[in-house]
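Dear colleague,

Please find the structure below, handed over for your study. The notes that follow describe what was found in it.

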Amino acid sequence: MHPAPPTAVALLSGGLDSATAAAIAIEAGYRLIGLSFNYGQRHQRELEAAALLARHFNFSEHHTINVNLAAWGGSSLTDLQQTIPSAGVLPGVIPNTYVPGRNTVFIAMALSLAEARGAERLVLGVNAVDYSGYPDCRPEYLTAFQKLADLASKSGLEGHGAQLWAPLVQWSKTEIVAEALRLQVPIADTWSCYAGGVKPCGVCDSCRIRDGALRDAGRPDLASR
(Lines give C-alpha, C1' and ligand atoms only; values in the text may rest on other atoms or scores of the structure.)
Protein backbone atom coordinates (compact mmCIF):
# COMPACT_ATOMS: atom_id res chain seq x y z
CA MET A 1 0.00 0.00 0.00
CA HIS A 2 1.33 3.39 -0.98
CA PRO A 3 1.57 5.99 1.80
CA ALA A 4 -0.83 8.94 1.64
CA PRO A 5 0.70 12.01 0.01
CA PRO A 6 1.62 14.92 2.29
CA THR A 7 -0.94 17.72 2.58
CA ALA A 8 -0.42 21.41 1.93
CA VAL A 9 -2.75 24.39 2.09
CA ALA A 10 -2.52 26.62 -0.98
CA LEU A 11 -3.61 30.24 -0.83
CA LEU A 12 -5.41 30.62 -4.15
CA SER A 13 -6.22 34.14 -5.29
CA GLY A 14 -7.17 33.15 -8.82
CA GLY A 15 -4.08 34.86 -10.22
CA LEU A 16 -1.14 33.52 -12.19
CA ASP A 17 1.31 33.45 -9.28
CA SER A 18 -0.85 31.49 -6.84
CA ALA A 19 -1.85 29.06 -9.60
CA THR A 20 1.79 28.45 -10.53
CA ALA A 21 2.81 27.96 -6.90
CA ALA A 22 0.01 25.41 -6.53
CA ALA A 23 1.18 23.57 -9.66
CA ILE A 24 4.72 23.43 -8.26
CA ALA A 25 3.39 21.91 -5.03
CA ILE A 26 1.39 19.31 -6.93
CA GLU A 27 4.46 18.35 -8.95
CA ALA A 28 6.33 17.99 -5.64
CA GLY A 29 3.75 15.40 -4.55
CA TYR A 30 1.45 17.36 -2.27
CA ARG A 31 -2.28 16.90 -1.89
CA LEU A 32 -3.68 20.41 -1.88
CA ILE A 33 -6.39 22.13 0.11
CA GLY A 34 -7.25 25.48 -1.43
CA LEU A 35 -8.13 28.62 0.49
CA SER A 36 -9.50 31.77 -1.13
CA PHE A 37 -10.91 34.97 0.35
CA ASN A 38 -13.81 37.23 -0.39
CA TYR A 39 -12.27 40.21 1.38
CA GLY A 40 -14.49 42.94 -0.03
CA GLN A 41 -12.47 43.36 -3.21
CA ARG A 42 -14.06 45.49 -5.90
CA HIS A 43 -14.93 42.49 -8.10
CA GLN A 44 -15.58 38.75 -7.85
CA ARG A 45 -13.77 37.83 -11.06
CA GLU A 46 -10.69 36.52 -9.24
CA LEU A 47 -12.83 34.26 -7.04
CA GLU A 48 -14.47 32.81 -10.13
CA ALA A 49 -10.97 32.12 -11.47
CA ALA A 50 -9.97 30.51 -8.17
CA ALA A 51 -12.93 28.13 -8.36
CA LEU A 52 -11.94 27.15 -11.92
CA LEU A 53 -8.36 26.54 -10.87
CA ALA A 54 -9.36 24.47 -7.84
CA ARG A 55 -11.33 22.17 -10.13
CA HIS A 56 -8.52 22.05 -12.69
CA PHE A 57 -5.96 21.03 -10.06
CA ASN A 58 -8.40 18.64 -8.39
CA PHE A 59 -7.94 20.09 -4.90
CA SER A 60 -9.15 17.78 -2.17
CA GLU A 61 -10.95 20.76 -0.60
CA HIS A 62 -11.46 24.40 -1.57
CA HIS A 63 -12.71 26.93 0.96
CA THR A 64 -13.71 30.53 0.23
CA ILE A 65 -13.85 32.61 3.42
CA ASN A 66 -15.54 35.97 3.92
CA VAL A 67 -13.24 38.51 5.59
CA ASN A 68 -14.57 42.00 4.95
CA LEU A 69 -11.48 44.20 4.80
CA ALA A 70 -13.56 46.68 2.82
CA ALA A 71 -15.31 47.65 6.07
CA TRP A 72 -12.51 50.13 6.72
CA GLY A 73 -11.07 50.48 3.22
CA GLY A 74 -7.58 51.89 2.92
CA SER A 75 -6.98 50.55 -0.59
CA SER A 76 -8.27 51.13 -4.10
CA LEU A 77 -9.02 47.40 -4.22
CA THR A 78 -11.53 47.68 -1.36
CA ASP A 79 -12.69 51.30 -1.66
CA LEU A 80 -14.59 52.22 -4.81
CA GLN A 81 -14.01 55.91 -4.10
CA GLN A 82 -10.31 55.45 -4.83
CA THR A 83 -8.92 55.13 -8.34
CA ILE A 84 -6.76 52.19 -9.38
CA PRO A 85 -3.44 53.59 -10.66
CA SER A 86 -2.76 53.12 -14.37
CA ALA A 87 0.48 55.03 -15.01
CA GLY A 88 2.76 52.07 -14.26
CA VAL A 89 4.84 51.00 -11.27
CA LEU A 90 6.80 53.82 -9.65
CA PRO A 91 10.08 52.71 -8.01
CA GLY A 92 10.07 53.14 -4.23
CA VAL A 93 6.36 53.99 -4.07
CA ILE A 94 3.83 51.64 -2.49
CA PRO A 95 0.67 52.13 -4.59
CA ASN A 96 -2.83 52.49 -3.23
CA THR A 97 -3.60 48.93 -4.38
CA TYR A 98 -1.81 47.75 -1.24
CA VAL A 99 -4.46 46.33 1.12
CA PRO A 100 -3.53 46.94 4.79
CA GLY A 101 -2.92 43.67 6.60
CA ARG A 102 -4.21 41.46 3.78
CA ASN A 103 -1.44 38.86 3.65
CA THR A 104 -1.14 38.83 7.44
CA VAL A 105 -4.85 38.00 7.77
CA PHE A 106 -4.76 35.45 4.94
CA ILE A 107 -1.69 33.60 6.19
CA ALA A 108 -3.04 33.49 9.74
CA MET A 109 -6.28 31.94 8.49
CA ALA A 110 -4.38 29.49 6.30
CA LEU A 111 -2.20 28.44 9.24
CA SER A 112 -5.35 27.70 11.23
CA LEU A 113 -6.65 25.48 8.42
CA ALA A 114 -3.23 23.84 8.00
CA GLU A 115 -3.02 22.95 11.69
CA ALA A 116 -6.58 21.61 11.74
CA ARG A 117 -5.86 19.38 8.74
CA GLY A 118 -2.33 18.36 9.72
CA ALA A 119 -0.83 20.02 6.63
CA GLU A 120 2.94 20.16 6.34
CA ARG A 121 3.19 23.28 4.23
CA LEU A 122 1.42 26.49 3.38
CA VAL A 123 1.91 27.32 -0.31
CA LEU A 124 2.06 31.04 -1.14
CA GLY A 125 2.29 32.75 -4.51
CA VAL A 126 3.89 35.94 -3.15
CA ASN A 127 6.65 37.51 -5.21
CA ALA A 128 9.21 40.13 -4.19
CA VAL A 129 10.79 40.85 -7.59
CA ASP A 130 8.25 41.92 -10.22
CA TYR A 131 5.67 43.26 -7.80
CA SER A 132 4.19 46.60 -6.78
CA GLY A 133 6.27 47.23 -3.66
CA TYR A 134 3.99 45.58 -1.12
CA PRO A 135 5.75 45.12 2.24
CA ASP A 136 4.00 41.79 2.90
CA CYS A 137 5.53 40.11 -0.17
CA ARG A 138 9.15 40.25 1.04
CA PRO A 139 11.26 37.27 2.19
CA GLU A 140 11.98 38.93 5.55
CA TYR A 141 8.24 39.24 6.17
CA LEU A 142 7.78 35.52 5.54
CA THR A 143 10.73 34.65 7.80
CA ALA A 144 9.26 36.69 10.63
CA PHE A 145 5.82 35.17 10.12
CA GLN A 146 7.28 31.67 10.27
CA LYS A 147 8.76 32.46 13.69
CA LEU A 148 5.36 33.71 14.85
CA ALA A 149 3.60 30.63 13.45
CA ASP A 150 5.99 28.31 15.28
CA LEU A 151 5.36 30.16 18.53
CA ALA A 152 1.62 30.56 18.16
CA SER A 153 0.49 27.03 17.36
CA LYS A 154 0.35 23.70 19.18
CA SER A 155 1.87 21.93 16.18
CA GLY A 156 4.66 24.53 16.04
CA LEU A 157 5.55 24.06 19.71
CA GLU A 158 5.60 20.30 19.12
CA GLY A 159 8.04 20.78 16.26
CA HIS A 160 5.82 19.88 13.33
CA GLY A 161 4.03 23.11 12.45
CA ALA A 162 3.21 24.01 8.86
CA GLN A 163 6.08 25.62 6.97
CA LEU A 164 5.48 28.69 4.83
CA TRP A 165 6.60 27.91 1.28
CA ALA A 166 6.80 30.70 -1.29
CA PRO A 167 8.56 29.07 -4.27
CA LEU A 168 8.23 32.15 -6.48
CA VAL A 169 9.34 34.80 -4.02
CA GLN A 170 12.63 35.57 -5.79
CA TRP A 171 11.52 34.83 -9.35
CA SER A 172 10.92 37.39 -12.08
CA LYS A 173 7.48 37.43 -13.65
CA THR A 174 8.97 36.10 -16.88
CA GLU A 175 10.37 33.11 -14.98
CA ILE A 176 6.97 32.54 -13.40
CA VAL A 177 5.28 32.57 -16.81
CA ALA A 178 7.84 30.10 -18.17
CA GLU A 179 7.19 27.78 -15.22
CA ALA A 180 3.44 28.10 -15.65
CA LEU A 181 3.80 27.10 -19.29
CA ARG A 182 6.00 24.13 -18.39
CA LEU A 183 3.51 22.92 -15.79
CA GLN A 184 0.57 23.51 -18.17
CA VAL A 185 -1.15 25.94 -15.84
CA PRO A 186 -4.35 27.16 -17.57
CA ILE A 187 -3.11 30.74 -17.79
CA ALA A 188 -6.19 31.89 -19.70
CA ASP A 189 -8.33 30.88 -16.71
CA THR A 190 -6.32 32.94 -14.22
CA TRP A 191 -7.20 36.53 -13.33
CA SER A 192 -4.60 39.07 -12.18
CA CYS A 193 -6.26 42.35 -13.18
CA TYR A 194 -7.15 44.75 -10.36
CA ALA A 195 -10.30 45.81 -12.21
CA GLY A 196 -13.34 43.68 -12.88
CA GLY A 197 -15.10 43.23 -16.18
CA VAL A 198 -15.13 40.61 -18.91
CA LYS A 199 -11.53 41.21 -19.99
CA PRO A 200 -8.45 42.47 -18.08
CA CYS A 201 -7.97 46.23 -18.29
CA GLY A 202 -4.40 46.02 -19.56
CA VAL A 203 -3.30 49.23 -17.82
CA CYS A 204 -3.20 48.51 -14.08
CA ASP A 205 0.15 47.56 -12.52
CA SER A 206 -0.77 43.89 -12.33
CA CYS A 207 -1.81 43.74 -15.99
CA ARG A 208 1.30 45.61 -17.13
CA ILE A 209 3.66 43.26 -15.29
CA ARG A 210 1.82 40.12 -16.38
CA ASP A 211 1.43 41.18 -20.02
CA GLY A 212 5.08 42.17 -20.30
CA ALA A 213 6.15 38.76 -18.99
CA LEU A 214 3.81 36.92 -21.35
CA ARG A 215 5.25 38.80 -24.31
CA ASP A 216 8.80 38.12 -23.12
CA ALA A 217 7.92 34.43 -22.87
CA GLY A 218 6.66 34.40 -26.43
CA ARG A 219 2.96 34.18 -25.55
CA PRO A 220 1.51 37.58 -26.45
CA ASP A 221 -1.72 35.76 -27.33
CA LEU A 222 -2.35 35.36 -23.59
CA ALA A 223 -1.79 39.04 -22.81
CA SER A 224 -4.77 41.29 -22.13
CA ARG A 225 -3.95 43.60 -25.03
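In which sense do E1 and strand E4 (residues 121-123) pair, and over how many bridges? They pair in the parallel sense over three bridges. Two strands count as paired if DSSP finds at least two bridges between them. Helices (H or I, at least four residues) and strands (E, at least two) are DSSP runs, numbered from the N terminus.

Before going further, please note that this is a predicted model, in which local features need pLDDT of at least 70 and side-chain atom pairs count only at pLDDT 80 or more, while totals for chains, interfaces and linings use all residues. Residues are numbered from 1 along each chain as its sequence is written, and side-chain values use heavy atoms, with hydrogens and water left out.

The strand E1

Together with helix H1 (residues 16-27), E1 and E2 make a right-handed β-α-β unit; right-handed means that, with the strands pointing away from the viewer, the path from the first strand over the helix to the second runs clockwise.

Five of the five residues of E1 (residues 7-11) are buried, so the strand is largely enclosed by the rest of the structure. Buried means under 20% relative accessible area, exposed over 50%, and partly exposed in between (1.4 Å probe, protein chains only). Thr7, Val9 and Leu11 point one way from E1, whereas Ala8 and Ala10 point the other way.

Salt bridges

Side chains of opposite charge can pair when their charged atoms come close. A salt bridge is a side-chain nitrogen of Lys or Arg within 4 Å of a carboxyl oxygen of Asp or Glu, and by this rule the count comes to seven.

One of them joins aspartate 17 and lysine 173 (2.8 Å, N to O). Aspartate 17 lies in helix H1 and lysine 173 in helix H6 (residues 173-182), so the pair ties together parts that are 156 residues apart in sequence. Both aspartate 17 and lysine 173 are buried.

Another salt bridge is formed by glutamate 27 and arginine 182, with the closest N and O atoms 2.9 Å apart. Glutamate 27 is in H1 and arginine 182 in H6, so this pair ties together parts 155 residues apart in sequence. Glutamate 27 is partly exposed, at 48% relative accessible area, and arginine 182 is partly exposed at 46%.

With kind regards
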